[in-house]
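Subject: Structure for you to look at

Hello,

Here is the structure I promised to pass on. Please open it next to this message and follow along.

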Amino acid sequence: YWLWKNYLDEINNKWIGFCQYRKFWTTKEENKFSISLDRLSSLVLKEIPEEYQNYDVILGEPMFINQLRIMKFLKRGFKLTLKNPSYFFNKNKRTIKFHFDMWHGENYLSEAIRLLDKENRDGFNDFVNKNFSFNPHNMFICKSKNLLKKYYTVVFTWLKKCEDLFGFDNLIGYGQTRIYGFLAERFMSYWFQNNAKFKTMPIIFYDIKKDLN
């Protein structure tokens with residue numbers, strides 16, 4: 001949001017990317033349990049590889065959410081599964097929409113989609129009801145500021161409407177108090193997949209805090 005409001009007009013088209021303090025871009029597949037801080041330095045992305053230069057956007061490798069273990073259903077999705085037992089037996093029923101309802105509250109995603117502009121409403125609704133994966137963590141790298149402007153205008157206008165509807169006071173637990181980030185995460189996957197030439201890249205996890213103690 002800060003980039004959109006304060007800096008985007010001042011830069012020429014070049015790669016602009018985001019990571020998190022525990023999640024990093026890499027071009028190398030790595031066993032996450034064998035990473036050390038010294039090893040992390042050699043793994044993290046430092047420049048965009050040539051093979052990505054013909055793309056508009058780099059997204060994280062997709063996370064598949066239809067491979068849930070039985071205990072997850074018993075703990076998080078018991079009520080949803082009682083309403084429709086096919087969720088328990090049929091992996092093709094466990095879509096992005098089902099996963100969001102299970103972790104962040106039933107029908108929050110549906111209500112949010114109704115607030116989207118007409119251009120994206122039906123497409124995003126189809127996306128979450130038909131797909132079993134999304135590009136995670138609100139992480140992307142983009143080389144077109146015009147593309148970024150379009151994305152930010154759509155997503156932040158929509159999230160403001162969602163905030164007006166859901167507010168903050170009645171949101172309970174991690175899954176709901178951070179619901180706006182989770183909504184943006186699903187929408188990011190849909191929007192860039194449908195509006196840009198994209199390629200995916202691995203994202204690795206390493207908690208740097210443990211090395212600061």
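Below is what was found in it, taken topic by topic.

Please keep in mind that this is a predicted model.

**The main core**

The largest nonpolar core has 41 residues. Seven names stand out there: Phe124, Phe140, Tyr151, Trp158, Leu183, Phe187 and Phe192 touch the most other members. As background, nonpolar side chains in soluble globular proteins tend to be buried together.

Now pick out Phe140. Leaving out residues up to four places away in sequence, Phe140 touches Ile16, Gly17, Phe18 and Trp25, among others. Its contacts also include Val57, Ile58 and Leu59. Leu148, Tyr151, Tyr152, Met188 and Phe192 belong to the list as well. Another core, of 7 residues, lies apart from the largest one. Trp25, Ile48, Met139 and Met201 are among its members.

**Two crossing helices**

Next, look at H8 (residues 118–130) and H11 (residues 179–195). Their axes come within 10 Å and cross at roughly 110°. H8 is therefore roughly perpendicular to H11. On the H8 side, the contact uses Glu119, Asn120, Gly123, Phe124 and Phe127. On the H11 side, it uses Arg186, Phe187, Ser189, Tyr190, Trp191 and Gln193. The residues of this contact divide into 5 nonpolar, 4 polar and 2 charged.

**Ala184**

Stay in helix H11, where Ala184 lies. Is Ala184 buried or exposed? Its relative accessibility is 9%, so Ala184 counts as buried; the cut-off is under 20%. Not counting residues up to four places away in sequence, Ala184 touches Asn138, Tyr151, Val155 and Leu159. Ala184 and Trp158 are 26 residues apart in sequence. In space they are 9.2 Å apart, C-alpha to C-alpha.

**Gln176**

Last stop: Gln176, in helix H10 (residues 173–177). Gln176 is buried too, with a relative accessible area of 15%.

Best wishes

Key:
Residues numbered from 1 in each chain as written. Predicted model: local features only at pLDDT ≥ 70, side-chain atom pairs only at ≥ 80, totals over all residues. Heavy atoms only, no water. Axes fitted to C-alpha atoms, helices over the stretch in contact; angles between N-to-C directions. Helix = DSSP H or I, 4+ residues; strand = E, 2+ residues; numbered from the N terminus. Parallel < 35°, antiparallel > 145°, perpendicular 65-115°, else oblique. Contact = heavy atoms within 4.5 Å. Nonpolar A, V, L, I, M, F, W, Y, C, P; charged D, E, K, R; others polar. Buried < 20%, exposed > 50% of the residue type's maximum accessible area, 1.4 Å probe, protein only. Core = buried A, V, L, I, M, F, W, Y, C linked by side-chain atoms within 4.5 Å.
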